[in-house]
Amino acid sequence: MYFLTGVDIQTQVRTIASRSGKVMVAVAYWGKGAAERTGLSGHEDPASVRIICDLLSGACNPNEIKALQQCGFRVRTLDRLHAKVWIGGDDVIVGSANASQNGLLGEGEKAADANVEAAVISHDPAMARRLAAWFELQWDASTEIERRHLVRAWQIWKRHRRSGGRGFTSTLGEKIRNPGPLDRFSALRLIAYPYPDEGVNPEAIEHVHENARRYYTAEEWDEFGAEHPWYEWPIGVPVWSHRPGTVFADFDCPVEGGQFRFNGFWQIRDCPIIELEETRITLLTKLPDLDGYPFPRPEQTALARSIRAHVEERGCKTDKFGSYIDQNFLEFFDPERPALHRRLVTQVAEAARELCRAGRFGPKIILHAIQACTRDPEWRAAYARFVGGDIYRTDNKLKEPINREFGRSVRAATRAHVQTDERGRTIRETVEGEIIQSYTLLKK
């Protein structure tokens, strides 16, 4: 066993990667030009090479993985893989270097431009057998990389690059729970429903399959596989009023009292309801993730448990659309959110009452009540959590509904009336540098 560092790591990696016979590689992250840098591009039989990476980590270049596949290499992805292992015959390398320019320093390249890496190389057959057995376990646990994985990886990769490499492993749950802009998540809805015993209506299946090319591109249709990209409204069941573009986190339960399962993120397509003889359908598009944020199985399982508890608490009742749940995802994912909303609104209303008791009622009382609350550090922190970050951002859609609620609560608390002009129109005043951009003038 020998210690390697600097250029020697790349030299030995290239020796193993380019050798004839079977080669096994478990390296998490791959950068541009990795096939050439590692020596894989010189392999005589690409089909004998197996590679495991962590494609959805945000640090793995999806273009390079696609290029490896196109060369004929067998490539799979394994979540949370962080190993850097090369196996060829009795020769193995275990180290810290990824398959990238920063990881594998080449001949003539400056050490200052690369990471400080270290590795060991072994020619021991027993060691090689143990590592090969370990590799087979990881290979069995990994997933074949399909086009949908590459699409999702590209979204995550772009977000990772925009963030400068910070926080690229954030999951959907972490994103929602931590401060930061949540605008794109504010319209996401959660739907959970009982899976019908009779299954999908055959008329709907026949119609969509016969007209698939009218509704979807060939690539979109190929993404669905055995899934049916629509929601169904049998005669007698009302049709949703949700607008095109609405995104759902979809859960269903095959039998009453059974386990809920996550079926992905679906978006309503921009087309009218399709009316058939026995049923009506709303066409959907499946999204690979939510804006590049993965929704890992532990979070899915935790949310499914919450859904089941909620459904059982309500006696398994469904709404008029046949759903157990159809509500804002943020509020369901974070059970404290409704209580936080009530607390914020109640404190604004109480601030307005205090102003009235002090004889300080005026047309601008909505603004003054909110300003009084904003001076309270705890209220300000709670508001920041509710709106997902900077409380003064003017383009945060999460602020709009609760800010309107502030105005209504002040009017109710003070028993005031809206001021109107000579045409009967509500008088509003704009303001800068506040958490609200405008408010209604009031009068007693």
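Biologist: Which residues of helix α12 are buried?
Modeller: This is a predicted model: local features need pLDDT of at least 70, side-chain atom pairs count only at pLDDT 80 or more, and totals for chains, interfaces and linings use all residues. Residues are numbered from 1 along each chain as its sequence is written, and side-chain values use heavy atoms, leaving out hydrogens and water. Buried means under 20% relative accessible area, exposed over 50%, partly exposed in between (1.4 Å probe, protein chains only). In α12 the buried residues are Arg337, Leu340, Leu344, Val345, Val348, Ala349, Ala351, Ala352 and Leu355.

Biologist: Which exposed residues does the face turned away from the buried side carry?
Modeller: Take the buried side of α12 and look at the face turned away from it. The exposed residues there are Arg342 and Arg357.

Biologist: How far apart are the end C-alpha atoms of α12?
Modeller: The expected span is 1.5 Å times one less than the number of residues. α12 (residues 337–357) has 21 residues, so it should span 30 Å. The model agrees, with its end C-alpha atoms apart by 30 Å.

Biologist: How many residues of strand β5 are buried?
Modeller: Lys84, Trp86 and Gly88 point one way from β5 (residues 84–88), and all are buried. Val85 and Ile87 point the other way, and they are buried too. The count for β5 is five of five.

Biologist: Which strands are joined to β5 by bridges?
Modeller: Two strands pair if DSSP finds at least two bridges between them. Five bridges join β5 to an antiparallel strand at residues 23–27, and four join it to an antiparallel strand at residues 91–95. These strands are β2 and β6.

Biologist: Which residue takes a positive phi in the hairpin of β5 and β6?
Modeller: The hairpin has two residues between its strands. The positive phi, near 65°, belongs to glycine 89.

Biologist: What is the radius of gyration of the chain?
Modeller: The chain holds 15 helices and 19 strands. For its 444 residues the globule rule gives 22 Å, and the chain is well over that, so it is more spread out than a compact globule. The rule is 2.2 Å times the number of residues to the power 0.38, and the radius is taken over C-alpha atoms. Its value is 29 Å.
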